[in-house]
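I opened this entry to keep track of what I looked up. The notes follow the order in which I checked things.

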Amino acid sequence: MTAYIIRRLWQMIPTLLGVILLVFVLFNWIGGDPAYVLAGKISSAEQIENIRRQLGVDQPYYVQLWIFIKQVLTADFGASWSTNEAVSHIMATRLGPSLTVLIPLLILSTIIAIGLALGVAYVRGSLTDRVVMIVCTVGLSISILVYIIVFQYFFAYKLGWFPVQGWGDSFWQNLVVYASLPVLIGLVVSIAPDLRLFRTFVLDSRFKAGATVSGRTSSCTRRCPFSSGSSSASHPTCACSAPSFSMRSIRITCARRVQKGFRKTASCGCTCSATRRFQSSRT
Amino acid sequence: MSPLSRLLGSIALTAVSAAGTVAAWAADPDKVLRIEFYVAETGFDPVKVQDYYSQEVNEGIFDPLMTYDYLARPAKLVPRAAEAMPTIADEAKTYTFKIMKGIYFSDDPAFKGKRRELTAEDYVYSIKRFKDPANKSPYESFIDGITGLEQLKKQAEKTGKFNYDTKVSGVHALDRYTLQIKLKETDYNFSYIMALPNFGAVAREVIEAYPDDTNGHPIGTGPYRLKEWKRSNKIILEANPEFRGFTWHFEPGSDPLDKQIVAAMEGRKMPQIGRVEISVIEEQQAAWLAFQNNELDILYLREQFAPVALPNNQPNPALVKQGVTLNRITDPDINYTYINTTDPVFGGFTKEKIALRRAIWMSFDNAEYIRVIRKGQAIEAQYPIPPNVLGHDPAYRSVAPYDPVLANKLLDYFGYKRGSDGYRTWPDGTPLVWRYSSTPSSRDREIDELWQKSTERIGIRIQVAKNKFPEELKQERACQLLSRTAAWIADYPDGDDFMQLFYGPNSHQNNSSCFQLAEWDRIYEKTRSMPDSPERNRLYRQLWRMVEVNGVTKMHDTRVRNMLVQPQVVGYKKHPILLAEWMYFDMDGSRRQP
């Protein structure tokens, strides 16, 4: 186990180096030369050279790369080239307002989506279910930018329920007054896909007695409809597990009886039907 | 007078002057002006910033020597920290400024509890800061004309430290309140440079107390000081209690608005506004809605909402009902497209090349451009000097107006035959492609389409090259760019600021077209040693004719600035050059609509 951890840790290093190199190349190649914009309206070649010297971009690339690596290791984000504000300060000051909007959004959208999903799954197949699904699909097809403009116009300006813009000084004022419209817009955008996904999970779990979420050892009581004629085992047991709520990579591991490690072999037909069902209930 | 009354008189005088040093001109803290910035500011060190909004705040915090009369149009220079207009001698090579006595910096711990008076040495220090390589000032070249500063700069580059204590003959203090500047060449416009907010006075103690954050500690002698600063979000300024104050007195011009303003403001003690709250609102709809909600007092209305807010360029009925008025002026700017005449293929001054360039200019419809891109919020420019700038000629007509029929005839005449694909080739038959550069922004994409439409009219194949703005600038500075649509806004209201855009030696700097013609340069150099006069204007017309005849550029437009003003703002008139007029107008809460 320890060996495994250590192995993964030192495998991080070449990955990180690769990322650093890639970011460095991208920013220097595609980012362009900042000196010309910082130089102002009337500037001679030597003034531009001076700016590049002050910023340190006139040094050879390997020197700049080494400086960049050092900054990454010491978590030194440096300062903005145009305003000279420390980047860590920029992030620290922006973090507060961002979290004031994101955390309530996350909590509310999860609770509401799960609640609605339970309700909708209960009446599965009914008209309510279909209508809600259609509304969700339509809802998530509209860009968030449209919501922002329309909601700002109607709810903030026309009806006056929220302020049009601004941010206050006290945390509670920000949370209740200023963050409420952004949170509402965020809810409208995120509930739709979440609702569809949670509905799927709820429905799926109804058909599986005893299926656990992080299944290492779990078994379906249902027989696999297509048995691809795999060797030994009398009747294959399928462990259907959904290791996380990640949308894209739902791994269905098929194993026989009790498995020791993760076995990603999908040799039994349980995978196919389960995957298909997952796929069909998700757009 | 009896000795007793004299005694009483002197006691009264002392009492009054003592009271005078304490907030005799205090602004009303209940008068709050709320305005917006569309683009975030960068900082408040006058040497380091070049963007419009940072300079606007600096104009309120720092005192340059000169400024402009609030009402006079065209803009008229008047003294600000200086007592009077400067004494100009030696054919405008020596400028002597006398600074007003009794101007004090706003308080800061760097002054160690003492009141700090403004002296001529402060201006010497402030000007020297521009040449310090560590400051990498974008406005450094504005004082290139001052003698003696180059040596200091070269020394600083060698040793790595700028020596502020070295005396420089070009800028020095004759006595505590007298500043003298010596220039290398005749320059009648130097006083204009001293009106830029960048040249406001800073205190050496403050700069040295906060070496890493001069942007965040602006301490000046101006009417306002920085109270709160949430970067890129909110700036709050309050009236500087140490400000000397002044009495409002400006002569009205011919504009009927002037008379109203004079009637409301004459004789008042300024500044009246005690607090300025600036919100950075980058989204146009948010600013527009906030203004309609009365959350903002003055709005710079951008083009996107001009059709809604200003049908027929008048405020719409809803705004009129709210009591909102419109302040509409032209910005002192020009927008133009150029072709690089040093380009080996498209450049040169032979008849065929000139014909091709002029035909391209004649294919472009400025009226359509103004309608589509500017939404009608611009006026066509035919002359490189815009209105309200000295040297502007409203009667001048371009040699290349919109005339696609004539353009086609011209190209046919010079042998630009159409090939089998319908596009014209060079007279010798080689394919002709006009490379036009622009940035990936949505506005530039729209302008690209207009150019594509234009070149289709005359059968020229266009190739649009996309580059990020810094990359474009870099190529342009190297004279490698063939064509681009550029803009220039005046730093000061004199025509020279615009004519120098075509001066040969300014190639690789702001002569974006890299236009170089010896005869042109000779005439231009003559105008440099002339003040504004009919003689100079005659030479300017001649110069511009030469540029147009050679097909160097196509002038497009001068932008119109629309300021929407709530009824509670009294005495406001947008100045073409001044950025922050807050100390010249007033707020009246009783006129606010609920």
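I began with contacts in chain A between residues at least 6 apart in sequence, and 54% of them join residues at least 24 apart. Two residues are in contact if their C-beta atoms, placed from the backbone, lie within 7 Å.

The model is predicted: local features need pLDDT of at least 70, side-chain atom pairs count only at pLDDT 80 or more, and totals for chains, interfaces and linings use all residues. Residues are numbered from 1 along each chain as written, and chains are lettered from A and ligands numbered from 1 in the order written.

I looked up the elements next. Chain A has 10 helices and zero strands; these are DSSP runs, numbered from the N terminus, with helices (H or I) of at least four residues and strands (E) of at least two.

I then checked burial. Of the 283 residues of chain A, 18% are buried, meaning that 20 or more other C-beta atoms lie within 10 Å of a residue's own, with C-beta atoms placed from the backbone.

Which residues touch the most other members of the largest nonpolar core? I found B:Ile193, B:Ala195 and B:Ala290, in a core of 122 residues. Helix 8 (residues 284-292) of chain B gives the largest share, six residues. Such a core is a set of buried Ala, Val, Leu, Ile, Met, Phe, Trp, Tyr and Cys residues joined through C-beta atoms within 7 Å. Beyond its neighbours within four places in sequence, B:Ile193 contacts B:Phe142, B:Phe199 and B:Tyr492.

Last, I noted that the contact between the chains takes 31 residues from chain A and 32 from chain B.

How values were computed:
Buried ≥ 20, exposed ≤ 12 C-beta atoms within 10 Å, placed from the backbone.
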